[in-house]
Amino acid sequence: MIPHYERPASPVGKTWPNGSAYRNTKGVSSDAVKSDAAWRDFYRDPLLQSLIAEALENNRDYRVAIQQIETAGAQFDIENASLFPSLTGNASGNIQKYAARTMRFPHTPASQGSIYQRQYGVGFGVSSYEIDLWGRIRSASRSAFDHYMSDVYTRESVNITLKASVATTVLNWVANNEGYQLTSDILKSWQKSYDLVLEARKSGSSSDLDVAEAEEALREAEKQLEIYDRQRAQALNQLELLVGRPLTDAQKNALEGKKALADIVDFPDVPEGLPSDLIGRRPDILAAEHTLLAANDDIGEARAEFFPKIQITASNGTASSGIKRLFRSGMGAWDVAPQITLPIFDEGRLTAQLKQSKANKRMEIARYEKSIQTGFREVADALAARETYVRETTAQDCFVSASQRQYRLSRARFEMGSDSYLQTLVAQRTYLNAVTEGISIHLGQRSNAVTLYKVLGGGWENETPKRPFRIGEHIL
């Protein structure tokens, strides 16, 4: 009764977008690209490896994903058990007492006080076993199996996202730590400039406006320093949440030893020429497809509801009025009670259930296609960012160097009395903004490398889950 399943056509192009923002993205088959590389080959920094390993052990969201698999597996076992009869053993005894003269025994002598009736039985039986002629139970079992597999791939998706989140949070902490150190150095330099302006004001070579502008720049740097300090503390809190426990002193020392983003071991670059069908290996897309398969299975169950249900209740054993004679020859007893139920009139309930199942399948098709489109967009965005970040960081580094030279020259000319402090103030602000923006761009480049690895399904160790018994595939 389950409709034949055909995978929906991919709603995205066969190649990635091309243009100045992209490198070469053609010429490599999907079989030539390994999307299941071990995550330690990508996250090569020892600190990242340590934190990720602990997050996989302690993170509560990941534990929830694992337990969801256990729940789905148990639900499959429940549905699958209905394919087989439940055999139960039983032993019973029944003793009844009657007064001598009752309506049931009117001719009993008055001298006889009471009458006892005894009945004992031992046996085994099958209770309400449904013969699955139309595949209703098998459809429900397959649906439970596909939900189980969906949860398996969802766990893999959580696994990949957790690794990337830990790496990104560490990058955020290091970037803010680098900004804090650089801003501290800049603040010391600007404090000296401010002191020079104050001395110049006393000698009359600078005005109150110069002093106010110098103080304004100084306070701006102090404000930026506090921003970095706050964001650094918040990144540490986020990291401990992801890891699932407070960081050890050794881990904190290792983290504080990362003074700049360059101190983190570089991530290997994803190879060029990636095919667009590679995203079909992403666990979240595979999870969406298994949810679609479950919806397809539900149609088979809804169709089978239109046909008769055949149920059998049977028992076999021995029965006797005395325990001693219970197992003697000729005491055997059996009972068979088949039952056929045929739906005749239900006010359209079964038809509505079938319509609902078909509509749910169409909805899951749309969700599956949307997951492919979303995955395609995420990879395309990351590929565009990969190339443009290379050019942007190069330009920004040159800009930082130029603004630093400008600031030094402007300050030197101010100290010699060649220029007013206004020129130095402009150079100061330009330099601070260049440094701040430069850290942000370098952080974006490092984070995008992690994002590209994640959206391609990277870090998926391809752990084959233990697949439960499935009648349709004869898996044991």
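Trainee: Why is lysine 454 called partly exposed?

Mentor: Lysine 454 has 29% relative accessibility. Buried means under 20% relative accessible area, exposed over 50%, and partly exposed in between, with a 1.4 Å probe and protein chains only. So 29% makes lysine 454 partly exposed. Keep in mind that this is a predicted model, where local features need pLDDT of at least 70, side-chain atom pairs count only at pLDDT 80 or more, and totals for chains, interfaces and linings use all residues. Residues are numbered from 1 along each chain as its sequence is written, and side-chain values use heavy atoms, leaving out hydrogens and water.

Trainee: Where does lysine 454 sit?

Mentor: In helix α9; helices (H or I, at least four residues) and strands (E, at least two) are DSSP runs, numbered from the N terminus. In space, lysine 454 is 8.6 Å from lysine 163, C-alpha to C-alpha, though 291 residues separate them in sequence.

Trainee: What makes β2 and β3 a pair?

Mentor: Two strands pair if DSSP finds at least two bridges between them. Strands β2 (residues 114-131) and β3 (residues 309-320) are joined by 10 bridges and run antiparallel. Another 10 bridges join β3 to β4 (residues 332-341), also antiparallel. Asparagine 316 in β3 stands opposite phenylalanine 124 and also opposite tryptophan 334 in β4.

Trainee: And why is tryptophan 134 partly exposed?

Mentor: Because its relative accessibility is 33%, tryptophan 134 counts as partly exposed. Its place is the loop between β2 and α4 (136-203).

Trainee: How many residues does the chain have, and what share is buried?

Mentor: There are 476 residues, and 41% of them count as buried.

Trainee: How many helices and strands are there?

Mentor: Nine helices and four strands.
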